[in-house]
Amino acid sequence: MARPDYIVCLECQNEVEDFTWRDGEIRKATCDVCGNADPDNFALPEDYEEGYEDDEGYEEVEDEDEVADDYDEFEHDDA
Ligand SMILES: [Zn+2]
């Protein structure tokens, strides 16, 4: 796997370009914004963006269904 142009700090979502990349993994990184220096707390831009979009879309659909169901029940009880 090629070294990405930058990685994303999971603490503050800052893009960090200054990091050490070896054997397809983040070996060393430091976030200038929040001071995070734990390689496990950084994500590759690809992983970060994909995961974020999937989670958000799934949650939005579920919330809408729940709200609609609750509203129908409430109307029936009232009438
Ligand atoms: Zn940070």
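Of the 79 residues of the chain, 9% count as buried. A residue is called buried if 20 or more other C-beta atoms lie within 10 Å of its own, exposed if 12 or fewer do, and partly exposed in between, with the C-beta atoms placed from the backbone. The model is predicted: local features need pLDDT of at least 70 and side-chain atom pairs count only at pLDDT 80 or more, while totals for chains, interfaces and linings use all residues. Residues are numbered from 1 along each chain as its sequence is written.

The chain contains 1 helix and 5 strands. Helices (H or I, at least four residues) and strands (E, at least two) are DSSP runs, numbered from the N terminus. The order along the sequence is β-β-β-β-β-α. Two residues are in contact if their C-beta atoms, placed from the backbone, lie within 7 Å. Among contacts between residues at least 6 apart in sequence, 37% join residues at least 24 apart.

Strand pairing was examined next. Two strands pair if DSSP finds at least two bridges between them. An open sheet is formed by 3 strands in the order β2-β1-β5, with antiparallel pairing. Its edge strands are β2 and β5 (42-43), each of which pairs on one side only. Between β1 and β5 there are 2 bridges in the antiparallel sense, and Cys 9 has Phe 42 in β5 as its bridge partner.

Strands β3 and β4 run antiparallel and are joined by 4 bridges. Across this pair, Phe 19 stands opposite Ala 29 in β4. The hairpin of β3 and β4 has 2 residues between the strands, and Asp 23 takes a positive phi near 55° there. Asp 23 lies in the loop between β3 (19-22) and β4 (25-29). This residue is exposed, with 6 other C-beta atoms within 10 Å. Arg 22 belongs to strand β3 and is exposed as well, with 9 other C-beta atoms within 10 Å. The C-alpha atom of Arg 22 is separated by 8.1 Å from that of Arg 3, although the two residues are 19 residues apart along the chain.

Most residues other than glycine have a negative phi. Gln 13 is placed in the loop between β1 (7-9) and β2 (15-16). With 13 other C-beta atoms within 10 Å, Gln 13 is partly exposed.

The nonpolar residues were then considered. A nonpolar core is a set of buried Ala, Val, Leu, Ile, Met, Phe, Trp, Tyr and Cys residues joined through C-beta atoms within 7 Å. The largest such core has 7 residues, namely Ile 7, Val 8, Cys 9, Ile 26, Ala 29, Cys 31 and Phe 42. At least two residues of this core come from each of β1 and β4, and β1 gives the largest share, 3 residues. One core member, Cys 31, touches Cys 9, Glu 11, Cys 12, Asn 14, Val 16 and Asn 36 when residues up to four places away in sequence are not counted.
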